[in-house]
Amino acid sequence: FIQMLRGAKKRDVLQLLKRAPEEMLPFVVEAVVAAQSAASLAALSDFLDFSKEPKSLLEKFLYAAAFSPRPSKELLRLVLDKLDGQQLAPEVQETGALALGSLVGKLCRQQLCGLQEVERGAETILAGLRGAKEESEVVVYLLALGNALLPETIPTLLEYAEEGPTAVAAAAVSALRRFPAQHVSGEVKRAMRRIFHEKRKSYEKTCRLAAAEILLDNEPLPMDVINILLATSELGTETATFLLLKVQSSLRADHHPARKIMKDIMRDPRINNYNHFSKAGVSSSFLGPLTATEDLLSTFGLDLLFLEGGFLRKSVSDFSLLSHGRRLHAAQVTIEAQGIESMLGESVLEGEEEPELMAGMSAIFFDVQLRPIVFFQGYTDLMAKVLLSSGEPTSVVKGNLLLMDHHQVIPLQSGLQVVVKLLGGLGLDISANMDVNIWEQELKTSVNARGSLAIDFQAELDAPFLQTTMRSQTEVETSIHFDTILRFSSSPVLMCLQLREEQVPYR
């Protein structure tokens with residue numbers, strides 16, 4: 001379909017968009033964005049009216065742009081023009097900011113940072129951040145900067161990380177965590193030390209842990225590792241358990257950049273002793289390989305952080321690909337719940353502010369941060385969701401993405417030329433659900449991921465006396481379900497984790 005669209009005229013693409021049945025329209029829009037020809041983008045510009053189209057279709061368009069493997073300046077210009085000066089629904093505005101961040105970052109990685117469109121895109125995000133009044137808006141613009149990964153925005157992120165309120169600081173540190181090691185400078189590390197060791201003010205535990213992870217994951221200094229390990233004796237049981245397990249799992253991971261330093265430090269009995277490593281919390285951190293070849297390592301990581309009262313504060317499941325020093329977040333799903341302990345009569349630790357009752361989720365797919373989803377915010381909202389719950393999972397992302405788009409002409413020694421084309425498409429359906437049962441005192445979370453990958457490879461030799469074509473098609477389907485059930489009606493808290501993977505047909 002994409003190959004057909006690349007040869008079509010604007011008039012024909014526009015007719016196709018106008019006549020497509022309602023249920024097929026999202027698919028057509030995704031394919032038109034993926035085609036990225038001048039005619040298809042011009043047709044899309046005429047067709048999409050941001051003041052009239054349903055939110056779901058506009059989000060489809062913006063996510064299709066965000067996931068584009070090699071976006072053009074014309075695609076970025078189209079997104080900018082559609083977002084500019086319009087009164088948009090908050091969801092569309094937020095998705096638009098995240099899509100802009102992804103497009104700006106990808107064009108910069110193609111060494112196109114100097115383009116007028118790229119500069120305009122970066123300035124649009126920063127202007128949105130400066131003008132944001134609601135905390136949730138600030139969070140989205142900070143996550144958009146995390147999608148862009150522009151080194152010049154690091155000072156802005158550091159300012160919000162150190163000075164912002166809880167949710168804002170957490171979003172800024174989360175964006176900083178995504179930068180590669182060469183951008184984690186001494187200035188960044190000094191700020192992370194101040195956050196973790198609470199030099200200027202007190203920070204929420206998830207923010208402090210994220211700051212510690214930045215220090216541990218980016219060419220750490222031996223002193224930082226020692227200070228973090230020594231600080232665990234003053235932290236709460238769960239936070240200390242989580243950090244110590246984080247260190248132990250990185251010691252076991254051959255690919256971890258801090259492994260050698262940590263092994264040297266562990267020879268010191270003042271640090272590696274029973275007093276430090278015998279914390280009896282239920283929090284956990286696990287990192288292990290799924291597949292390993294000479295060129296590629298795929299890993300699965302699972303972090304579970306509990307509060308002292310036994311309630312799940314945060315769970316992160318992460319599937320990553322590492323190849324030749326580069327890391328790709330294939331999928332990372334974070335589920336957070338806060339304030340549940342006060343609702344069930346647990347007292348908050350002295351010196352900590354009582355958090356607002358809230359549960360939500362955020363996800364990163366193929367290095368693109370998606371719009372965070374809030375399951376409920378506040379007691380009234382929770383009760384409404386409990387009483388009116390449909391039991392249906394919340395859709396995080398659903399659609400078809402072009403992941404690979406490669407075209408190359410290879411001259412042979414004989415003087416002939418081979419034309420190579422590679423296209424890879426991914427169909428994705430990710431949903432999540434959180435169910436709080438107040439009467440049974442149970443918390444259930446489930447993340448369901450279904451995907452199918454299709455790769456089309458074609459090599460063509462075309463000469464006056466000979467024409468030959470080699471073609472291969474590959475298809476893979478898979479689905480992964482990750483469920484957690486927590487029952488806090490008894491002590492200790494009962495917890496069940498289940499990761500189910502269905503059979504993978506490979507053609």
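A nonpolar core is a set of buried Ala, Val, Leu, Ile, Met, Phe, Trp, Tyr and Cys residues joined through side-chain atoms within 4.5 Å. Buried means under 20% relative accessible area, exposed over 50%, and partly exposed in between (1.4 Å probe, protein chains only). The model is predicted: local features need pLDDT of at least 70, side-chain atom pairs count only at pLDDT 80 or more, and totals for chains, interfaces and linings use all residues. Residues are numbered from 1 along each chain as its sequence is written, and side-chain values use heavy atoms, with hydrogens and water left out.

**Nonpolar core**
- The largest nonpolar core has 143 residues, and L17, F61, M192 and F365 touch the most other members.
- Not counting residues up to four places away in sequence, L17 touches L25, V28, V29, V32, A43, L44 and F47, where contact means heavy atoms within 4.5 Å.

**Helix α4**
- Helices (H or I, at least four residues) and strands (E, at least two) are DSSP runs, numbered from the N terminus.
- Helix α4 spans residues 38-47, and its buried residues are A39, S40, L41, A43, L44 and F47.
- Among the elements covering these buried residues of α4 are α2 (10-19), α3 (25-35), α5 (55-66) and α6 (73-83).

**Cysteines**
- Taking a disulfide as a pair of cysteine sulfur atoms within 2.5 Å, the count is one.
- This disulfide joins C108 to C113, with an S to S distance of 1.8 Å.
- The link of C108 and C113 is right-handed, with 105 degrees about the S-S bond.
- C108 is buried at 14% relative accessible area, while C113 is partly exposed at 35%.
- C207 is buried at 3% relative accessibility, and C496 is partly exposed at 40%.
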